[in-house]
Amino acid sequence: MSNPNALIQELLNQHCEDMPKGSKSIIIPTIESNLSILDGWDAPLNYANIVKTFTFKNYHQTIAFVNAVTWLANKEDHHPKICFDYNSCEITLTTHNAKGLTMNDIIMAAKINALLD
Ligand SMILES: C[C@H](O)[C@H](O)[C@H]1CNC2=NC(N)=NC(=O)C2=N1
């Protein structure tokens with residue numbers, strides 16, 4: 001088994017790909033092995049999506065993060081659901097065109113975590 005940092009770096013080196021309508025979602029073992037290296041991300045809804053809640057000190061920090069995530073989403077053309085409050089932000093990733101999870105969601109999760117490194 002490769003070291004987690006190398007696997008995360010591999011994800012960070014990748015970019016989201018175009019997923020036409022009807023694209024296949026990834027299988028549960030692939031989701032689980034990636035989640036085991038992605039700090040804080042869970043698949044609570046029967047692997048339909050992955051979710052992580054980030055917490056911050058105040059609204060300035062929260063919206064700076066939200067702005068960074070929206071910038072990344074447009075750059076990668078893969079758009080998460082973002083719910084935020086004064087000091088927290090819940091990100092939900094799924095691939096609408098696959099009606100489930102694809103590697104785009106895994107890549108985005110790694111890139112979102114890296115925003116806070
Ligand atoms: C045409 C465009 O690339 C697609 O509609 C993209 C845009 N962003 C997307 N974001 C997400 N989360 N799922 C998609 O299927 C998706 N499709």
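This is a predicted model: local features need pLDDT of at least 70, side-chain atom pairs count only at pLDDT 80 or more; totals for chains, interfaces and linings use all residues.

Me: Which residues have the most contacts inside the largest nonpolar core?

Reply: A nonpolar core is a set of buried Ala, Val, Leu, Ile, Met, Phe, Trp, Tyr and Cys residues joined through C-beta atoms within 7 Å. Here the largest one has 15 residues, and I50, I91, L93, I107, M108, A109 and I112 have the most contacts inside it. Two or more residues each come from β1 (50–55), β3 (88–93) and α4 (103–114); helices (H or I, at least four residues) and strands (E, at least two) are DSSP runs, numbered from the N terminus.

Me: How many bridges join β2 to β3?

Reply: Strands pair if DSSP finds at least two bridges between them. Strand β2 (residues 81–84) has four to β3, and the two run antiparallel. C83 has E90 as its bridge partner in β3.

Me: Why is M103 called partly exposed?

Reply: A residue is buried with 20 or more other C-beta atoms (placed from the backbone) within 10 Å of its own, exposed with 12 or fewer, and partly exposed in between. M103 has 17 within 10 Å, so it is partly exposed.

Me: Which residues surround the ligand?

Reply: They are D18, M19, D77, H78, H79, T94, T95, H96 and N97, where near means a C-beta atom, placed from the backbone, within 6 Å.

Note on methods: Residues are numbered from 1 along each chain as its sequence is written.
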